[in-house]
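Try each task before reading its solution.

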Amino acid sequence: MRAEMKTLTTTEALAAFCEEAASAPYITIDTEFLRERTYYAKLCLVQLALPARDGTEGAAVLVDPLAGDLSLEPLYGLFRNPSVVKVFHAARQDLEIFFTEGKVFPEPLFDTQVAAMVCGFGEQVGYETLVRKIARANLDKTSRFTDWSRRPLSDAQKSYALADVTHLRVIYEYLAAELEKTGRAKWLQEELSVLTDPATYIVHPEEAWRRVKTRTHSGKFLVAVKELARFRETYAQARNIPRNRVYKDDALLELASTKPQSFEDLSRSRLLLREARRGEIAEGIIAAIAAAAETPQADYPTMPDTDDKLQVNPALADLLRVLLKAKSEEAGVAQKLIATASELDAIAAGRRDVPALRGWRAEVFGDDALQLCAGKIALAAKGSNVVVVPL
């Protein structure tokens, strides 16, 4: 097998590679996984690549976590090494896997998708786009949606997987240099702090109801939603199945409305899956409805104020949009990375607890937004640009 297609299938081989990586300035990392049939992602492959050394291309390997005698502990040890930067693209799902399986976050961390947005490449820029624009190469995406749990892997799968870390080296070096040149490295670190917060990945069953979208804010209805979502999340986590396999959101909302108290009541549901109308799921639904009925009114959950309830000053909101456009163009950063439309409306309604008013966003936009709201600056057209004018 060619060196660039090397697959590590033992803990000893992985440990040897990680020992070599410990002296490198950075390592690029990606994963392949499946999640369609499980609650937690099933890790199927890890790709690793080292930078070039002594004029030769750095090693790039595949790690097979499905090999029976392979432990990822050597990799987790490398994750804890503060002298090696761990480079990912769109790292959130990768980090969730490693945190769930190894209770570790790679530090220091560099996410090229976030860095690219900070450097002006637009919103949620894809890896393929960065490969084309920075690495000046093209990707073969034909293996993207293959079954990564099947063995043996084909050469096409291996080539596809390795391309996700080999081109990443060029992208990382370019973006790291841009951040250094522009002084925006701290912007990136602010964004990445969310990715290395355990709260980002832990779903507490008692908070699962907040993920269910509903227009009904009745406390009696919401407490039923809360108990049904709590049961569903607990059941799905315990059995490692997708929550929608228990029952989907539309069925949950129907149950919260009809409040079934028996199997016979469940049989009348229009949206509940057949297997959920009997056995443990059915019993859990009935118990959840009973728990909701016994909840004191004082303990009913409440929805936070939605944007449509805000007293928005429409003229001020329009001015904030003009200011955001001017400031995003000046900074070379996508508008939605700085502030969303709902955040602008919230600021125009007097709220000051929005992300656009904190950290690097405050430097770029938020401080001027508050000055505009206070009537201390105005906006004026100067040629084809909009400029800030102190009052």
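**Exercise 1.** Against which helices do the buried residues of α10 pack?

*Solution.* Step 1: list the buried residues (under 20% relative accessible area, with exposed over 50% and partly exposed in between, using a 1.4 Å probe and protein chains only). In helix α10, residues 249-258, they are A251, L252, E254, L255 and A256. Helices here are DSSP runs of H or I with at least four residues, strands are runs of E with at least two, and both are numbered from the N terminus.
Step 1: look for their contacts, meaning heavy atoms within 4.5 Å. The partners are α8 (219-239), α11 (263-266) and α12 (279-294).
Step 2: recall that an α-helix has 3.6 residues a turn, so residues three or four places apart point the same way.
Step 3: look just past the end of α10, where K259 takes a positive phi of about 50°.

A note on the source: this is a predicted model, in which local features need pLDDT of at least 70 and side-chain atom pairs count only at pLDDT 80 or more, while totals for chains, interfaces and linings use all residues. Residues are numbered from 1 along each chain as its sequence is written, and side-chain values use heavy atoms, with hydrogens and water left out.

**Exercise 2.** Describe the region that the UniProt record annotates as "domain: HRDC".

*Solution.* Step 1: find the range. The annotation comes from an unreviewed entry and covers residues 218-299; positions are in the numbering used here, feature names are shortened, and annotations may be inferred rather than shown by experiment.
Step 1: read the secondary structure. Over residues 218-299 the chain is 67% helix and 0% strand.
Step 2: compare the ends, whose C-alpha atoms are 13 Å apart.

**Exercise 3.** Which residues lie nearest the centre of the largest pocket?

*Solution.* On a 1 Å grid over the protein atoms alone, a pocket is an open set of points with protein on both sides within 12 Å along at least five of seven lines, a cavity is a set where a 1.4 Å probe fits but cannot get out, and lining residues have an atom within 4 Å of a point.
Step 1: take the volume, about 790 Å³. Grid points are joined across faces, edges and corners, and a volume is the space filled by probe spheres set on the points.
Step 2: inspect the lining of 25 residues, where E32, F33, Q93, R144 and Y160 lie nearest the centre. Strand β2 supplies the largest share, six residues.

**Exercise 4.** Which residues line the largest cavity?

Step 1: the largest cavity has a volume of about 70 Å³.
Step 2: its lining consists of F33, R35, Y40, A41, Q93, E96, I97, T100 and E101. Helix α3 gives the most, with five residues.

**Exercise 5.** How many disulfides does a search of the whole structure find?

*Solution.* Step 1: search for pairs of cysteine sulfur atoms within 2.5 Å. The search finds zero disulfides.
Step 1: check C18, whose nearest cysteine sulfur, that of C44, is 19 Å away.
Step 2: C18 has 5% relative accessibility, so it counts as buried.

**Exercise 6.** Summarise the protein chain by its helices and strands.

*Solution.* Step 1: the chain has 16 helices and eight strands.
Step 1: of its 391 residues, 47% are buried.
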